[in-house]
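Me: I would like to learn how to read metal sites and helices in a model like this one. Could we go through it feature by feature?
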Amino acid sequence: MPADLHIHTFFSDGTQSPEEIVELAKKGGLTTIAITDHDVVAGIERAKKKGAELGVAVIPGIELTTEAFDSEIHILGYFIDTQSAELLEIISKIQKSREDRIFTICEKLQALGVKLDPDKVFAIAGHRAAGRPHVARALIAEGYVKNFKEAFVRYLDFHGPAYVSHYKLSPAEAIKLVLAADGLPVFGHPAVSACDQCIPELMSTGLVGLEVYYGAHNQGQTQHYLELAEKYGLLLTGGSDYHGSTSGREIKLGDFSIADDLVEKLKNEHLRRNKS
Ligand code: AMP
Ligand code: ZN
Ligand code: FE
Ligand code: FE
């Protein structure tokens, strides 16, 4: 009964609707998925409805971008209450800041000789949480770069010349928000952040899990984080970080999955904490 606990829809920077995601998950043989859009929960209800129709369990999730220790740290939240007033207030501020950020990225690009109209980016993003992948797609469409990789390497990477910070959220604040929404906070794709020394500090503010199994982790990295999760007593999670078919990372839902017992452990921890 395989599961994939890290999936984006077009409500953030994925390319597919929540319904399409559930259909593809079903086709790929997944029985549980988590929708973890960046800084937004708008796709969850639609995914749940489709999941109920097709027999795919949908865990409500989110992925919050934070910065600390000179790296980006992504905090995943599982089993969140999508009506949490605290969470909704902050994510609406983050949405506004994401919009402002696109203008600043375009100004930085302009200074580098790349004339990209912010409206081109917003046209690609629609009315969704705009981000760097939408800028990358606009750069490709305008002929400035050949592909995603080039867009990130030349301009958009964390230390790239057109990088602009997100809404200032610390990992501790993100963890607190997830907990306030009765969710379980998990450190997403730890090898990407390369900040192992952050883990004890994140735990001191309430971290409960580590995304040991990740689409882009190699075997050595998976083993390394498996050992760290055991050492620290963190729950194990895993997901593909699927973004759809035109996002520059071509994978199929179902190609990557984790065993159901990991989901059971996560679910039990959520129940244990929230029975009152
Ligand atoms: P943002 O939330 O606007 O900072 O965009 C973050 C998203 O950009 C990530 O979730 C990835 O989907 C994508 N991304 C980040 N770095 C890269 C990269 N080097 N190549 C391709 N996509 C990337
Ligand atoms: Zn993304
Ligand atoms: Fe991420
Ligand atoms: Fe992600």
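Reply: Along the chain, the donors of the iron ion (ligand 4) follow the spacing H-x1-H-x54-E-x177-D, where donors are N, O and S atoms within 2.8 Å of the metal (3.2 Å for Na, K and Ca), and sites may look incomplete because water is not among the atoms. This is a predicted model, in which local features need pLDDT of at least 70, side-chain atom pairs count only at pLDDT 80 or more, and totals for chains, interfaces and linings use all residues. Residues are numbered from 1 along each chain as its sequence is written, chains are lettered from A and ligands numbered from 1 in the order in which they are written, and side-chain values use heavy atoms, with hydrogens and water left out.

Me: Which protein donors does the iron ion (ligand 4) have?

Reply: They are His-6 (NE2), His-8 (NE2), Glu-63 (OE) and Asp-241 (OD), lying 2.1 to 2.2 Å from the iron ion (ligand 4). Both His-6 and Asp-241 are buried, that is, under 20% relative accessible area, whereas exposed means over 50% and partly exposed lies in between (1.4 Å probe, protein chains only).

Me: How far apart are the iron ion (ligand 4) and the zinc ion (ligand 2)?

Reply: They are 4.4 Å apart. The protein donors of the zinc ion (ligand 2) come from Asp-13, through two OD entries, and from His-38 (NE2) and His-243 (NE2), at 2.0 to 2.5 Å. Asp-13 lies in the loop between strand 1 and helix 1 (18–27) and His-243 in the loop between strand 7 and helix 11, so this pair ties together parts that are 230 residues apart in sequence. Helices (H or I, at least four residues) and strands (E, at least two) are DSSP runs, numbered from the N terminus. Both Asp-13 and His-243 are buried.

Me: Which residues of helix 10 are buried?

Reply: An α-helix has 3.6 residues a turn, so residues three or four places apart point the same way. In helix 10 the buried residues are Thr-222, Tyr-225, Leu-226, Leu-228 and Ala-229. They cover an arc of only 165° around the axis, which puts them on the same side of helix 10; the arc is that of the directions from the helix axis to the C-beta atoms. On the other side of helix 10, Gln-219, Glu-230 and Lys-231 are exposed.

Me: What follows helix 10?

Reply: Helix 10 is followed by Gly-233, whose phi is positive, near 70°.
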